[in-house]
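Hi,

Here is the structure I said I'd pass on to you. Have a look at it first, then read on for what turned up.

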Amino acid sequence: MMWYELLRFAHVIGASVLLGTGAGIAFFMVISNASRNPALIAHVAGIVVLADTVFTATAAVLQPITGFLLAREAGWPLLEGWVFVSLCLYVFVGAFWLPVVWIQIRMRRLALAAAAAGAALPRSYHRLYRIWFACGFPAFLAVLAIIWLMLTRPELAIGL
């Protein structure tokens, strides 16, 4: 039973890191973007990319591992019900997160170039920001749905 509790603890911590880091990154990027200050945006985007690398990527790799081990210990089938829906949503989140990381790196480069030139942010930056912003909503809502599924474990007749 101790192994199960440790797995559950690690899985909950991982989910908290994903949710918290995602919300924090979104907050800081939105606030820095509102400043229209290329140097500030470049600095914040650099920190955001670092946070995504250190926290989000680590948790994103460990979540499926702890989730698989937890499901195995509890006897939950992976391809049925709420576990299956959670896995599908996890893939959905990843499909948004991976491009977002690239977008954040590109936004940082554009902001650095604008700051170095003493210029305003280019149109390409603003276009990337709109895409980044739009990707955040479905991914964040999907993370919330996964956490809800983990907590409630509803009976669902969905699966392969």
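**The cysteines**

C135 is buried, with a relative accessible area of 13%. Keep in mind that this is a predicted model. C88, on the other hand, is partly exposed, at a relative accessible area of 39%.

For a disulfide, two cysteine sulfur atoms have to be within 2.5 Å. The closest cysteine sulfur to that of C135 is the one in C88, and it sits 19 Å away, so that is too far for a bond.

**Two helices**

Next, find helix 1 (residues 2–35) and helix 2 (residues 38–74). Their axes come within 8 Å and cross at roughly 160°. An angle over 145 degrees counts as roughly antiparallel, so that is how helix 1 and helix 2 run relative to each other. The contact of helix 1 with helix 2 has 22 nonpolar, 10 polar and 3 charged residues. As for handedness, helix 1 passes helix 2 in a left-handed crossing.

**A salt bridge**

The count of salt bridges comes to 1. It links R8 with E5, and their closest N and O atoms are 3.0 Å apart. Both R8 and E5 belong to helix 1, where they are 3 residues apart, or about one turn of the helix.

Cheers

Key: Residues are numbered from 1 along each chain as its sequence is written. This is a predicted model: local features need pLDDT of at least 70, side-chain atom pairs count only at pLDDT 80 or more; totals for chains, interfaces and linings use all residues. Side-chain values use heavy atoms; hydrogens and water are left out. Axes are lines fitted to C-alpha atoms, for helices over the stretch in contact, and angles run from 0 to 180 degrees between N-to-C directions. Helices (H or I, at least four residues) and strands (E, at least two) are DSSP runs, numbered from the N terminus. Angles under 35 degrees count as roughly parallel, over 145 as roughly antiparallel, 65 to 115 as roughly perpendicular and the rest as oblique. A crossing is left-handed if the near helix is turned anticlockwise from the far one by less than a right angle, and right-handed if clockwise. Ala, Val, Leu, Ile, Met, Phe, Trp, Tyr, Cys and Pro count as nonpolar, Asp, Glu, Lys and Arg as charged, and the others, Gly among them, as polar. Buried means under 20% relative accessible area, exposed over 50%, partly exposed in between (1.4 Å probe, protein chains only). A salt bridge is a side-chain nitrogen of Lys or Arg within 4 Å of a carboxyl oxygen of Asp or Glu.
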